[in-house]
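This report goes through a single protein model, from its sheet and cores to its disulfide and backbone angles. The sequence and structure come first.

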Amino acid sequence: MTSFPLNSWFRPFTSVVLGTITSLTLSLPTYAAEKVYFVFDSLGISIPVSDLENYAETGELSQQLNRYFSLAGASEEDRNAFREALSTPAPIKDPLRFVRILNTDEGERILNYFGKVINIQGGRNGKFLIRGALIQAALDDEGLTLINFLNKMSTNVQIDVKKAIRLAEQVEIIVNGTYLFTDTITQLAEKEVEKTQEIDFARLTDPRQTGPLEVTKKTWNLTDEKRKRDFYVDVYQPQTLPDQSIPVVIISHGLSSRPEDFGKWANHLASYGYVVALPQHIGSDIKQTEDFLEGYSRQIFIRDEFIDRPLDISYTIDELERRNNRFFSGKLDLENVGVAGHSFGGYTMLAIAGATPDFQALEEDCNLDIGDLNTALLLQCRALKLEQKEYDFRDKRVNSVFVVNPVNSGIFSRKSFEKIDIPVFIAAGSYDPATPFIFEQVTSYPRLKVPQKYLQLQEGQAHVDFSQLDAGVSEMLDTAIDLTLPSPQLLDSYTHSMMLSFFEVYVKNNSEYDSFLQSAYANYISQGQEFKTHLITEKSSDELNQSIDDFIRDNNIVVPKER
C-alpha cells in the first residue's frame, strides 16, 4: 500500500493551528485592530499587532507573544510556520471571485465556523468581521497576508485558544482516521482474497481494454415543459447497433462539471454494446459556475438541484423511451437501466436508486463542529433550505447504481440507505479533499442493506483528473503541496474495469464478469503499481462497521441519533 501524503492536505494546516488559530484565516477571509487577545478559559493574553509585524520581519519574540506560544504548547516548527504565515500572501488569483465565494451559502458556513474561534472582543462570533477584513485585504495591493488581514480588522479580536486546539485535534482525527480506514479496507480486501478460489485472470477477458465496437456520439437538445428546463444530452452508442436487446446506462456529472467530462466512461461502455446517455444538469454544471465567477449568479449551484438532478435522469429515460422505436428499432432495454454518477452525480443516482433525503439527520450533522471539516457537507447543508417534505425520486426502471466519490453522508441517513434495494457499487479515493473518504464513503457503505454491494478504494485518487486542470491551478498545486499522484490512465483502468464488470453482471445479466467483482481481481490489476486499488464486498461489511464504531468510541466523536 502506498503511504499517501495526507500531510500535504492537513499537516501544515494543523501545525499552524497549534501555533495560533489566526493563520487559519489565510484559507478563508476604517480602523485597524490594535491588539489580538488570546483567551484560554479565564486566562487572557493580549498581543499588539505591531508585535506580530515585528516578529514576522525580524523573528524577535515579544514577552506577550512568547507567553502565548508557551501557553499553546507551540513547537519550534509551529513557531516557524506561524512566522511564515504572517507575511506569506494567500494564492488568490482573482480577488473579485474570492469575494463572491465569501458571499455564498458555503462561504457563510465556513466563516461562521472560524468565527466561533476568532471572536469580536467579548466573545461574539466574528464571522462578519472576518469577512470584511478578508475582502479588504484581498482587494488591497499588498494582497491577503495575515498581517494585512489583521490591519483590516475594524476592532480588536480575541482568539479562543481552547477551541483552536480542539480544531487542531479534529483535523488530527480526520488524518489518523483516513490512514486507519485505508489500512482497514486493505486488510479486509486481503482477507477476501485469501478466501477466494484462485483465478488466472490473465486468461480471461480484460475489462480494462476498450471493447471491439466503434462508437459514435450524438447530442440531443431537450426541453422538459413541465419544469421549463432546457438541457442537452450526449448519447454514445455503437456505430452499428446489435440485433439483440441493447443495454442502457445513464451517467450524471458532478458539480461544476459537464457531460463531456465523462466521455471516457461512456465511450468505454459503448464499445461493449451499451447506449449511454449523459444529461446536462443546468443549475450545477460548469456554465453555472462560470456565471457565478463572472458575477451573473450569487451561488455556485442552484439549491433546487437536489430536486432537479434526479428528475433530469428520469426525464432522460423518458426521452429514450420516446425515441426507442424510431432510432433504436425498439431494442433499448429500458426496464433494466444502469446508472452511474460522480460526486454530486453520486447523490443524484443514489436518490434515483431510492435513498430519500433525511432533513432531521442532515440538520444534526450540519450542527456538529467536526462536520465543518467535511467539504462535501458544505454542499449538502444547503438542502436544509428546501421545503422539508418527503421526496421520493426512485425510478423503478433503474436496476443498478455505480457511484464514484459520491456526495451523500449528510443528506442520506441509515434509514435512507435502507430504502435502496438494487445493487450498489461505491468507488472512493484516498486523496479526495472534496468528498473525503472518511466522511462520505466509509461510513455510508455499511448502511446499505442490499447484499449486492461493493466498496472500491483507489489509492491516490483525488476526486478530479488533475492533468485536466488549467495551468494556473496546476502551478498553484505544484507550489503549495508536495503531492505525487497516480497517472490518470491507471485510475481510468481501475474505474473502467469495475464499471463495465458491474453493469455486465447486473444490467446484461452476464455471469462471465462475476469474477471481476472480487477482491482478487483488484489485487491482480494492482500488481506492480505504486498506487493500488482494493475492493471489498458485503462479506466485509460487518467488520468495517465494527471498525467505524470503535473509531467513534475511541475518539469521543458525537454521532447524531439518526446515524
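## Terms and basis

Buried means under 20% relative accessible area, exposed over 50%, and partly exposed in between, with a 1.4 Å probe and protein chains only. Helices (H or I, at least four residues) and strands (E, at least two) are DSSP runs numbered from the N terminus.

The model is predicted: local features need pLDDT of at least 70 and side-chain atom pairs count only at pLDDT 80 or more, while totals for chains, interfaces and linings use all residues. Residues are numbered from 1 along each chain as its sequence is written, and side-chain values use heavy atoms, with hydrogens and water left out.

An open sheet of 9 strands has the order 6-7-9-8-10-11-12-13-14, with mixed pairing; two strands pair if DSSP finds at least two bridges between them. Strand 6 and strand 14 (533–537) are the edge strands, each pairing on one side only. Neighbouring strands are turned by 20° against each other on average, direction ignored. Axes are lines fitted to C-alpha atoms, for helices over the stretch in contact, and angles run from 0 to 180 degrees between N-to-C directions.

Strand 6 and strand 7 run antiparallel and are joined by 10 bridges; within this pair, threonine 219 stands opposite aspartate 234. Strand 10 and strand 11 (residues 398–404) run parallel, with 6 bridges, and glycine 338 stands opposite serine 400 in strand 11.

Helix 11 (residues 263–270) lies across strand 6, strand 7, strand 8 (248–252), strand 9 (275–279), strand 10 and strand 11, and runs at about 40° to strand 7. Contact here means heavy atoms within 4.5 Å.

The loop between helix 11 and strand 9 holds serine 271. Serine 271 has a relative accessible area of 0% and is therefore buried. Apart from neighbours within four places in sequence, its contacts are Thr210, Gly211, Pro212, Leu213 and Val215.

## Nonpolar cores

A nonpolar core is a set of buried Ala, Val, Leu, Ile, Met, Phe, Trp, Tyr and Cys residues joined through side-chain atoms within 4.5 Å. The largest has 115 residues, and those with the most contacts inside it are Leu52, Phe149, Ile250, Phe306, Ile420 and Leu544. Helix 10 (residues 161–194) gives the most to this core, with 11 residues. A second, separate core has 41 residues, including Tyr236, Leu278, Met499 and Phe503.

Isoleucine 250, not counting residues up to four places away in sequence, touches residues including Ala277, Ile313, Leu320, Val337, Gly338 and Met349.

## The disulfide

The structure holds 1 disulfide, a disulfide being a pair of cysteine sulfur atoms within 2.5 Å. Cysteine 366 and cysteine 381 form it, with their sulfur atoms 1.9 Å apart. The torsion about their S-S bond is about -110°, so the disulfide is left-handed.

Cysteine 366 is in helix 15 (residues 359–366), and cysteine 381 is in the loop between helix 16 (375–380) and strand 11, 15 residues apart. Cysteine 366 is buried because its relative accessible area is 7%; cysteine 381 is buried because its value is 10%.

## Positive phi

Most residues other than glycine have a negative phi. Lysine 228 instead has a positive phi near 55°, in the hairpin of strand 6 and strand 7, which has 4 residues between the strands. At 67% relative accessibility, lysine 228 counts as exposed.

Serine 329 also has a positive phi, of about 55°. Serine 329 is in the loop between helix 13 (305–328) and strand 10 (337–342), and its relative accessible area of 57% makes it exposed.
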